[in-house]
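Could we go through how to read the way two protein chains meet?

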Number of protein chains: 2
Amino acid sequence: MRLCKTVEEVRSFINSVRSEGKTVGLVPTMGYLHQGHLSLMHEAKRRCDVVVVSIFVNPTQFGPNEDYQTYPRDLQRDAGLAAEAGVDAVFAPEVAEMYPPGFSTFVDVAGVSEPLCGASRPGHFRGVATVVTKLFNIVRPDMAFFGQKDFQQVLVIKRLVEDLNMDVRIVDLPIVREADGLALSSRNVYLSEEERKAALVLSRSLSLARQWVAEGEKDIARLKELVVREIRSEPLADIDYVEILSIPHLKQMDVLQDKALLALAVRFGKTRLIDNTVLEA
Amino acid sequence: MRLCKTVEEVRSFINSVRSEGKTVGLVPTMGYLHQGHLSLMHEAKRRCDVVVVSIFVNPTQFGPNEDYQTYPRDLQRDAGLAAEAGVDAVFAPEVAEMYPPGFSTFVDVAGVSEPLCGASRPGHFRGVATVVTKLFNIVRPDMAFFGQKDFQQVLVIKRLVEDLNMDVRIVDLPIVREADGLALSSRNVYLSEEERKAALVLSRSLSLARQWVAEGEKDIARLKELVVREIRSEPLADIDYVEILSIPHLKQMDVLQDKALLALAVRFGKTRLIDNTVLEA
């Protein structure tokens with residue numbers, strides 16, 4: 001497996017595999033890889049001849065008071081996991097390689113980026129859309145793979161790709177969870193043992209919501225209220241948002257119709273976790 | 001020559017020439033072609049195997065009180081001129097092909113897009129950067145050709161390409177002028193006979209400025225004052241801006257050093273014209 005640190009190195013690798021007529025899959029990540037990332041790599045490997053994983057903790061998608069500095073990093077371990085997964089190249093640039101002095105271009109996706117994490121993390125999706133545009137231009141993948149844990153991110157990227165006529169297919173894959181239901185996240189390492197237990201309220205409240213819907217509850221305000229009540233039953237949980245919005249436009253609604261996204265962002269101590277499920281009427 | 005109206009048609013054409021290993025040059029235009037555009041096509045033809053000209057009056061780069069509706073259009077004549085110039089394909093999409101319902105992504109280049117036309121036409125360069133990003137993604141050219149009459153646009157696009165890692169070489173070519181000095185522009189058709197004569201003050205004041213510099217004048221405020229005075233000597237001229245800024249960052253300065261851009265935007269009746277020259281210390 002190749003480890004590329006510069007745009008030039010990864011481009012030269014891509015050019016060589018392209019000249020052999022091979023298809024390329026990209027798995028963009030911020031590293032500290034877990035089984036969620038690995039499921040993306042396995043699917044990429046299944047569907048593309050060559051798989052590139054980018055590992056880049058992207059500063060422009062973090063707010064000034066967020067965890068950019070402390071975000072967990074372990075490139076050596078990540079490279080080992082990627083190699084085991086059959087990845088052909090890891091692209092792990094330094095910040096100055098992606099944002100050299102004078103950098104001043106940003107990509108904004110309006111609409112779908114505005115509620116949920118867009119509201120509670122101003123500038124987050126601007127940073128995501130910008131770095132994803134750069135990565136797509138550098139790697140020029142046929143397909144790119146994203147996890148549904150960042151459900152809104154998937155919607156933003158699909159919008160971005162369609163609006164800017166990017167010639168890449170976006171593949172999104174289900175959330176991978178621990179046996180007890182906790183969605184895998186690189187940020188889970190921040191959790192104390194107590195917070196780790198408390199965080200189970202996320203997947204539990206999502207399951208309950210699906211159950212309430214199955215039992216006939218279609219009133220959005222009522223469903224949100226029940227989820228909020230469930231989460232508040234956990235004293236360590238501090239709600240950032242609990243929202244139920246339409247798919248794919250993420251608009252408010254009064255009554256559940258077709259499919260809707262139930263999305264949560266909740267703090268446990270200093271750790272902000274997100275989780276979601278699709279509710280089907 | 002092919003005339004493509006849809007993204008799919010032009011992509012299919014590009015894919016076929018790419019599969020033959022040919023290089024592709026793109027000349028993005030808003031149509032109503034003149035010798036300035038044709039000089040870009042000739043250079044593109046010289047440097048690339050296949051040349052695509054896009055003809056699209058891009059609504060997102062016009063302000064609400066600008067001339068989007070009245071901008072001159074003549075696709076049949078343009079297609080004839082492009083064919084004569086040896087162009088291989090014209091891409092002339094409808095607005096809904098480029099901006100379908102739900103479109104919501106924009107590209108912003110900060111810094112270099114802010115003074116000059118960026119200040120007097122808010123949102124203009126956002127529209128330019130967005131449509132150019134789309135055209136580059138649709139055509140995937142090896143090279144793209146722009147005229148120096150829109151000098152700031154060239155700087156914005158070079159910044160865009162570098163920042164977003166677009167794999168395209170930007171080639172910029174000199175302003176083409178009428179025998180009497182008027183810079184070619186599709187907007188020149190708006191001018192009455194009287195305004196057409198008055199508009200010669202633009203190229204005349206640029207020549208005078210170069211002459212003053214050659215004679216030793218390096219004080220920026222003084223040079224601007226002389227240019228403003230010259231333009232004001234023409235009663236039909238209504239100055240939007242007269243600026244002298246550094247290249248390539250378009251920063252203010254007090255004394256001419258190395259190269260600087262002298263850029264003008266002046267109205268003659270309802271017609272706003274731009275012109276520029278590079279002053280060399």
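Predicted model: local features only at pLDDT ≥ 70, side-chain atom pairs only at ≥ 80, totals over all residues.

Q: What rotation and shift superpose chain A on chain B?

A: Start with the general idea: two copies of a chain are related by a rotation about an axis and a shift along it. Here, chain A goes onto chain B by a rotation of 180° with 0.0 Å of shift along the axis, at an RMSD of 0.0 Å. That is the relation of a two-fold axis. In chain A, A:Val107 has the C-alpha nearest the axis, 2.3 Å from it.

Q: How do I read the area buried between chain A and chain B?

A: Interface size is often given as the accessible area lost when the parts come together. For this pair the buried area is about 2400 Å², with 42% given by carbon and sulfur atoms. On the chain A side, A:Thr105, A:Arg140 and A:Asn165 lose the most area to chain B, together 26% of what that side buries.

Q: Is A:Gln61 buried or exposed?

A: A:Gln61 has 9% relative accessibility, so it counts as buried, the cut-off being under 20%. UniProt lists A:Gln61 under "binding site" in an unreviewed entry. Its place is the loop between strand 3 and helix 3 of chain A, and its contacts beyond four places in sequence include A:Met30, A:Arg121 and A:His124.

Technical notes: Residues numbered from 1 in each chain as written. Chains lettered and ligands numbered in written order. Heavy atoms only, no water. UniProt positions renumbered as here; feature names shortened; annotations may be inferred. Helix = DSSP H or I, 4+ residues; strand = E, 2+ residues; numbered from the N terminus. Buried < 20%, exposed > 50% of the residue type's maximum accessible area, 1.4 Å probe, protein only. Contact = heavy atoms within 4.5 Å. Least-squares fit on C-alpha atoms with pLDDT ≥ 70 in both. Buried area = accessible area lost by both parts, 1.4 Å probe.
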